[in-house]
Amino acid sequence: MAKSKGSGFVITMVCVTCGAEQFFDGAVPGSLTCPKCRSTVFREFATPVTPDEATLAQLEDQSRSMSYGDPSPATARDDVRELDS
Ligand SMILES: [Zn+2]
């Protein structure tokens, strides 16, 4: 059992073309190719190995930092307001 990474997650990459699943213990390769159909488009799922409170908190942090990656959240909010009025 290799537990050196200690990520607490299994990352599942699901090919959007054929649905083939690949599993990664914490680290997903930067460029990933589907072994079945050669597609490079995947959906990513992070599954806690041990669903305890600490892991759930990590999940929340993860989704929060992902929203920080939005290029311009303020602009998006203005767009919504324009549509509203
Ligand atoms: Zn595929």
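**Notebook: first look at the chain**

I started with burial: buried residues make up 4% of the chain's 85 residues. For me, buried means 20 or more other C-beta atoms within 10 Å of the residue's own, exposed means 12 or fewer, and partly exposed is in between, with C-beta atoms placed from the backbone.

A note on the source: this is a predicted model, where local features need pLDDT of at least 70, side-chain atom pairs count only at pLDDT 80 or more, and totals for chains, interfaces and linings use all residues. Residues are numbered from 1 along each chain as its sequence is written.

Next I looked up the layout. The chain has three strands and two helices, and along the sequence they run β-β-β-α-α. These are DSSP runs numbered from the N terminus: helices are H or I with at least four residues, strands are E with at least two.

Then I picked Ala46, which sits in strand β3. Is Ala46 buried, exposed or partly exposed? I found 18 other C-beta atoms within 10 Å, so Ala46 is partly exposed. Leaving aside neighbours within four places in sequence, Ala46 is in contact with Phe9, Ile11, Leu59 and Gln62; contact means C-beta atoms, placed from the backbone, within 7 Å. I also checked Gly8: Ala46 is 38 residues from Gly8 in sequence, with 9.6 Å between their C-alpha atoms.

Last stop was Pro35, in the loop between β2 (21–24) and β3 (42–48). Pro35 counts as exposed because it has 10 C-beta neighbours inside 10 Å. From Pro35 to Glu21 I noted 14 residues in sequence and 9.7 Å in space, C-alpha to C-alpha.

Note on methods:
Two residues are in contact if their C-beta atoms, placed from the backbone, lie within 7 Å.
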